[in-house]
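Thanks, everyone. Please have the sequence and the model open while I talk.

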Amino acid sequence: TPTTPSMPRPPQTAGATLARHVSIGIVATYDSTLEQTLRARDVPFSLLDSAFLAAGELSRFTTLVVDLRGFNFRTDAARYHDRPLAYALRGGNVVCFYHKPGDWNGKGYAPYPITLTSERVTEEDAPVRILLPAHPLLNRPNRITEADWANWVQERNIYLPADDTAKTSGAYERLLAMSDTDETQPSTSLLWCRTGKGSYAYVSLALYRQLRIGHEGAVKLLLNLLSQ
């Protein structure tokens with residue numbers, strides 16, 4: 001069975017809210033920022049071990065998270081990568097955080113093709129343009145506003161998926177656009193799609209760096225990702 005390091009409590013902070021009845025399973029890796037962020041806000045979650053990934057009932061969770069470079073760091077996650085995809089088809093919500101091209105390309109880890117590149121936006125204050133302002137991921141349960149992109153640290157995103165729909169499927173909605181000065185990076189830092197009865201998000205935003213400093217806008221976006 002998965003380990004459960006925190007007991008259920010009201011999953012809210014003063015400025016960021018998690019939808020009710022959310023149950024989170026995490027494929028954890030070398031970085032504990034996500035877990036620390038959720039513990040600090042009394043959001044319950046379970047850590048999924050190899051046995052559970054192989055044969056556990058994933059449908060007990062409303063959201064399954066593959067943390068940073070999960071398919072590279074966790075050989076079991078790579079081995080059983082078809083199970084999260086099947087879980088999403090049946091109605092689950094999968095959130096996958098950034099990978100490097102060598103971890104990912106050509107391995108079929110996503111419901112539709114995604115090809116990663118070495119592109120990134122290194123200016124942490126690069127203007128962010130919301131391409132789909134009414135999208136649920138940017139509005140429920142927390143509305144993401146211009147203020148939520150202020151005071152980021154180090155960078156906006158890393159290892160962006162290619163924008164060419166021959167490489168990264170047009171089935172993914174491109175939600176955000178941002179670029180370094182006098183450059184044009186792909187508008188792929190936040191991708192979302194329907195797959196069967198469920199949903200899938202791929203996140204190249206450097207969200208973990210912002211969560212480490214307790215950035216409230218990053219927390220709001222994280223809770224939205226977990227709430228779909």
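Start at Ile 24. Leaving out residues up to four places away in sequence, Ile 24 touches Leu 18, Val 43, Pro 44, Phe 45, Ser 46, Phe 61, Thr 63, Val 65 and Leu 226. One caution before I go on: this is a predicted model.

Which residues touch the most other members of the largest nonpolar core? They are Ile 24, Ile 26, Leu 38, Leu 190, Leu 205, Leu 221 and Leu 225, out of 43 residues in that core. E1, H1, E4 (93–97), E8 (190–195), E9 (198–203), H7 and H8 each supply at least two residues. H8 gives the largest share, seven residues. A separate core has 24 residues, including Phe 52, Leu 191, Cys 193 and Tyr 202.

Next, helix H1, residues 33–40. Its buried residues are Thr 33, Leu 34, Glu 35, Thr 37 and Leu 38. Against what do they pack? Three strands are on the list: E1 (24–27), E2 (46–47) and E3 (63–66). Two helices join them, H7 (207–212) and H8 (216–227). Just past the end of H1, Asp 42 has a positive phi of about 60°.

Now the strands. Look at E4. Five of its five residues are buried, so E4 is largely enclosed by the rest of the structure. In a regular strand, side chains alternate between the two faces of the sheet. Here Asn 93, Val 95 and Phe 97 point one way, while Val 94 and Cys 96 point the other way. E3 and E4 run parallel, joined by four bridges. In that pairing, Val 66 has Cys 96 as its bridge partner. E4 also pairs with E9, again in the parallel sense, over five bridges.

On to a loop, the one between E5 (129–130) and E6 (173–174), where Ala 147 lies. Asp 148 is in the loop between E5 and E6 as well. Are they buried or exposed? Ala 147 counts as exposed, because its relative accessibility is 58%, and the cut-off for exposed is over 50%. Asp 148 counts as buried, because its relative accessibility is 8%, and buried means under 20%. What does Asp 148 touch, beyond four places in sequence? Its contacts are Arg 143, His 215, Gly 217 and Lys 220. Ala 147 and Glu 216 are 69 residues apart in sequence, with their C-alpha atoms 9.8 Å apart in space.

Now the whole chain. The secondary structure comes to eight helices and nine strands. The radius of gyration is 16 Å; a compact globule of 228 residues would have one near 17 Å, so the two agree. The C-alpha trace spans about 50 × 40 × 30 Å along its principal axes. Buried residues make up 54% of the chain. Of contacts between residues at least 6 apart in sequence, 76% join residues at least 24 apart. The accessible surface is about 9,900 Å², with 49% of it on carbon and sulfur atoms.

Last, confidence. The average pLDDT is 94, and 94% of the residues score at least 70. Residues 4–13 stay under 50. The model still has 25 contacts for that stretch beyond four places in sequence. Where pLDDT is low, the predicted coordinates should not be read in detail.

Conventions:
Residues numbered from 1 in each chain as written. Predicted model: local features only at pLDDT ≥ 70, side-chain atom pairs only at ≥ 80, totals over all residues. Heavy atoms only, no water. Buried < 20%, exposed > 50% of the residue type's maximum accessible area, 1.4 Å probe, protein only. Contact = heavy atoms within 4.5 Å. Core = buried A, V, L, I, M, F, W, Y, C linked by side-chain atoms within 4.5 Å. pLDDT = per-residue confidence, 0-100. Rg over C-alpha atoms; globule rule 2.2 N^0.38 Å. Areas by Shrake-Rupley, 256 points an atom, 1.4 Å probe, with all protein chains shown as cover. Pairing = 2+ DSSP bridges.
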